Amino acid sequence: MSEAKKHTHPLRKPIKAHGEEIQKLELDEPDANLVMELGYPYLVLQNGGEGALQLQPKVAAKYISRLAKVPLSSVGQMAIPDLQELQAWVMGFFGDEPAET
């Protein structure tokens, strides 16, 4: 059985988590149980037969919090570029287009 991969993200500015200063986050990959618990980090919008994805920042932040094992309040301390990069990383597990039916 293979071990789950981790993603290491160095932070532009340190954050506080669990009483410590954190300079990098190590995130696990999400699994189906987490998706069922948190839902998808985006909404699918339909407009005239075309679909578009809208990021749900609060849901993406919950993924970051859970996968990095830091409180949600610590995610809120992150520099915006770090938050955006980690949101994109989370979104990468869900693909970039709605499935065709």
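Which elements do the buried residues of α2 pack against? They pack against β2, α1, β4 (50-55), α3 (72-75) and α4. Everything here comes from a predicted model, where local features need pLDDT of at least 70, side-chain atom pairs count only at pLDDT 80 or more, and totals for chains, interfaces and linings use all residues. Residues are numbered from 1 along each chain as its sequence is written, and side-chain values use heavy atoms, with hydrogens and water left out.

A word on the labels: helices (H or I, at least four residues) and strands (E, at least two) are DSSP runs, numbered from the N terminus.

- In α2, the buried residues are V59, A60, A61, Y63, I64, S65, L67 and A68; buried means under 20% relative accessible area, exposed over 50%, and partly exposed in between (1.4 Å probe, protein chains only).
- The largest nonpolar core has 24 residues, and L25, L27, Y63, I64 and M78 have the most contacts inside it.
- Elements giving two or more residues to this core are β1, β2, α1 (32-38), α2 (57-68) and α4 (80-91), and α2 gives the most, with six residues.
- Such a core is a set of buried Ala, Val, Leu, Ile, Met, Phe, Trp, Tyr and Cys residues joined through side-chain atoms within 4.5 Å.

- Strands β1 (residues 6-17) and β2 (residues 20-28) run antiparallel and are joined by eight bridges; two strands pair if DSSP finds at least two bridges between them.
- Across this pairing, H7 stands opposite L27 in β2.
- Leaving aside residues up to four places away in sequence, L27 touches K5, K6, H7, H9, I64, L67, A68, L86 and W89, where contact means heavy atoms within 4.5 Å.

**Positive phi values in loops**

- Most residues other than glycine have a negative phi.
- H18 lies in the loop between β1 and β2, and has a positive phi of about 55° although it is not a glycine.
- H18 counts as exposed because its relative accessibility is 58%.

**Around Q46**

- Q46 is found in strand β3 (residues 42-47) and counts as exposed at 56% relative accessibility.
- From Q46 to Q56 is 10 residues in sequence and 16 Å in space, C-alpha to C-alpha.
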